[in-house]
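Please look over the sequence and the structure shown here. The paragraphs after it go from single residues to the whole chain.

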Amino acid sequence: MKIATFNINGIKARVNALLDWLDEAKPDVALLQEIKSVDENFPHELFEERGYNVETHGQKSFNGVAILSKLPLEDVVRGLPGDDSDEQARWIEATVVGKQAIRLCGLYLPNGNPVELSADGSPAPGGKYAYKLDWMERLQARAAQLMAAEEPALMAGDYNIIPQDEDAARPEAWREDALARPESRAAFRRIANLGFTEAFRARNGAPGQYSFWDYQAGAWNRNDGIRIDHVLLTPQAADLLIDCQIDKHVRGREKPSDHVPVWVELDL
DNA sequence: ATGGCCGGTGGAACCGGA
């Protein structure tokens, strides 16, 4: 079973690029981020025509996540637990059943910039950086539940985290950024250290492989990228891991997203 | 060499992204 994550940066603007990639890559499941659409305006039919079931968790203008799946999507849950006042659409999960069942979680983790700090150096309450770190605490709680279940599960999406310096072409440019600051990296490690396997790292030793290139400053042409889209596997899912790749070439096409797909092949 | 964008909203600039 091939399961992909792809931050499409707007479904309306990306429909053709997304359909072209689906036709070519033929993922069984695609976890999408930044659909930037309410549920009613998501073009379900275009994907259903191609054999995909569609579940969305959208909002107006920003954020929004979705799952496309050739297998039925069961027990769909929208929204990350832990804060009923959080109205940002950044989390969706569902179960698919192949040879065995796997729980799939799609996430769009907050960017966190600009970094605002209090006088004591802690993230300023109410600021975007505090929101990011608070969201990651809630993510850790859900991750711990998935780990405790001792079943195949994965959390895939745009983590907005550069895990290590080798995941950026110019790590010095990101040192103070919310994507790479020590607090951000530590929060990511706390989640991974619950026992998850970061699929790309586990399958690809080489540094210098990225999943995002800014639209600005010729970042793509200079390969000035960062690796911020990740797939985390529970041990029971990691046992099934066959391959993990980044579809880098998608970034060089017409009207690309600034992210490219990352996928895993699981023996499911 | 240098500088360089894009999508959504709403119908012009501005917000948000990373």
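**A walk through the model**

Glu 150 lies in the loop between H3 and strand E8 (153-158); helices (H or I, at least four residues) and strands (E, at least two) are DSSP runs, numbered from the N terminus. This is a predicted model, in which local features need pLDDT of at least 70 and side-chain atom pairs count only at pLDDT 80 or more, while totals for chains, interfaces and linings use all residues. Residues are numbered from 1 along each chain as its sequence is written, and chains are lettered from A and ligands numbered from 1 in the order in which they are written.

The phi of Glu 150 is positive, near 55°, in a residue other than glycine. Glu 150 is exposed, with 10 other C-beta atoms within 10 Å. A residue is buried if 20 or more other C-beta atoms lie within 10 Å of its own, exposed if 12 or fewer, and partly exposed in between, with C-beta atoms placed from the backbone. Asn 160 also is not a glycine and has a positive phi, about 50°. Asn 160 sits in the loop between E8 and H4 and counts as buried, with 28 C-beta neighbours inside 10 Å. Most residues other than glycine have a negative phi, and most peptide bonds are trans. A cis peptide bond, with omega about 0°, joins Asn 113 and Pro 114. Pro 114 belongs to the loop between strand E7 (101-108) and H3.

The loop between E8 and H4 also holds Ile 161, which counts as buried because 27 C-beta neighbours lie inside 10 Å. Leaving out residues up to four places away in sequence, Ile 161 touches Leu 109, Leu 179, Ser 184, Arg 185, Phe 188 and Ile 228; two residues are in contact if their C-beta atoms, placed from the backbone, lie within 7 Å. From Ile 161 to His 230 the C-alpha distance is 8.8 Å, though they are 69 residues apart in sequence.

Another loop, between strand E3 (53-57) and strand E4 (65-69), contains Asn 63. Asn 63 is buried, since 20 other C-beta atoms lie within 10 Å. Beyond its neighbours within four places in sequence, Asn 63 is in contact with Glu 34, Gln 88, Ala 89, Arg 90 and Tyr 108.

How do the helices H3 and H4 lie relative to each other? The axes of H3 (residues 128-149) and H4 (residues 182-192) come within 9 Å and cross at roughly 10°, and H3 and H4 are therefore roughly parallel. Axes are lines fitted to C-alpha atoms, for helices over the stretch in contact, and angles run from 0 to 180 degrees between N-to-C directions. Angles under 35 degrees count as roughly parallel, over 145 as roughly antiparallel, 65 to 115 as roughly perpendicular and the rest as oblique. Leu 133, Met 136, Leu 139, Gln 140 and Ala 143 of H3 meet Glu 183, Ala 187, Arg 190 and Ile 191 of H4.

Chain A as a whole has 6 helices and 14 strands. Its C-alpha trace spans about 55 × 45 × 40 Å along the principal axes. Of the 268 residues in chain A, 42% are buried.
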